[in-house]
Amino acid sequence: MTTHEEPLDSVLETVGETPLVRVHTAPDEVPVYAKLESFNPGASVKDRIGKYMLERMLEDGQLDPGGTVIEPTAGNTGIGLAVAAGQLGLDAIFVVPERFSLEKQQLMRALGAEVINTPTEDDMGGAIQRAHELAEELDNAVVPQQFENPLNTEAHYATTGPEIYDALDGEVGAVVAGCGTAGTLMGIAKYHREQHPDTYVGAVEPEGSLYSEFKGDHPEADAYKIEGIGTHDIETNQLFEPDLVDDVIQVSDRAAHEEVQRLAAEEGHLVASSAAAASVAAVGVAERIASGEIDAPYDSVVTVFPDSSERYLSKGLYRSYEEWEG
Ligand code: PMP
């Protein structure tokens, strides 16, 4: 475990052990703490799975040294995998739907990876299909497939979950986090439910996303601007375990956009829209614990701020709601 207090050999050793910082709009009696994942070397939560998945796949022989990693990704996973692949002597190719931010695609290329775009209208499903086609064309290539690879959840079960638990001496009442692949939330939730089976777990998604179908709801699909979380096809989201989730909490683009700006102006957090959505939802859960509506084992809520707003400046994240492209 790194303390960040000694010289290190590689950026891979700086993955994880991120700070946990209070969100000040929560009620005093039920504090909310956010895990600041932009402190990772590739500046997002996905550095954790990049390192963890590739190290495990090399260890168990799914991937040979000198091989190629191909991944369908909205961007942060590409950056996390590219950081790890570069340091572990692997090549990397990423398949990215066009609508995702250009900053991320530039960073993946800078890290030595190849980026291939698929049409926005084909969504992540189209990117997943193209990644598998490419893997068949190449020798010694694997698709880690973060949407269905248990190593994604395991990375958070092994690192993010225990880090949060230790930082709060085990006194975690609720875990609330956005779901893209759901690996972050599932890994943390699994770890915490093992410690306290009645830990409250809230999954956060944008309005217009369909995660609540897993809980038997019939939401209406719609476009949303929040980037990195949500789904329009729950068949894709193989890691989500409905039994580990108490509620799916929807946050509007407008509420997330307002919170992005408030978090920067009032609390000094340069975080993006998925963090803001998580913040709004986590504070809502804290209020429900404070009012007695949610019965949690401890009066505290933990959430995750997955990445930094700097990655979305070109999309107008800090401009007016109408100018924000999402
Ligand atoms: N926020 C951002 C900005 C992301 O890129 C992602 C990953 N798609 C998430 C949140 C969600 O993380 P997970 O895939 O672990 O659910």
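Colleague: What order do the strands of the open sheet have?
Modeller: The six strands run β1-β2-β10-β7-β8-β9, with mixed pairing; strands are DSSP E runs of at least two residues, helices H or I runs of at least four, numbered from the N terminus. This is a predicted model, where local features need pLDDT of at least 70 and side-chain atom pairs count only at pLDDT 80 or more, while totals for chains, interfaces and linings use all residues. Residues are numbered from 1 along each chain as its sequence is written, and side-chain values use heavy atoms, leaving out hydrogens and water.

Colleague: Which are the edge strands?
Modeller: β1 (20-23) and β9 (247-251), each pairing on one side only; two strands pair if DSSP finds at least two bridges between them.

Colleague: And in what sense do β2 and β10 pair?
Modeller: β2 (residues 32-36) and β10 (residues 301-305) are parallel, over five bridges. V32 stands opposite V301 there.

Colleague: New topic: at what angle do α5 and α6 cross?
Modeller: Roughly 55 degrees, and the axes of α5 (residues 150-167) and α6 (residues 183-195) come within 7 Å. Axes are lines fitted to C-alpha atoms, for helices over the stretch in contact (heavy atoms within 4.5 Å), and angles run from 0 to 180 degrees between N-to-C directions.

Colleague: Which residues make that contact?
Modeller: Among them are H156, Y157 and I164 of α5 and M186, I188 and Y191 of α6.

Colleague: Last one: which residues of α3 are buried?
Modeller: In α3 (residues 102-110), E103, K104, Q105 and M108 are buried, meaning under 20% relative accessible area with a 1.4 Å probe, protein chains only. Their cover includes α2 (76-87), β4 (91-97) and β5 (114-118).

Conventions. Buried < 20%, exposed > 50% of the residue type's maximum accessible area, 1.4 Å probe, protein only.
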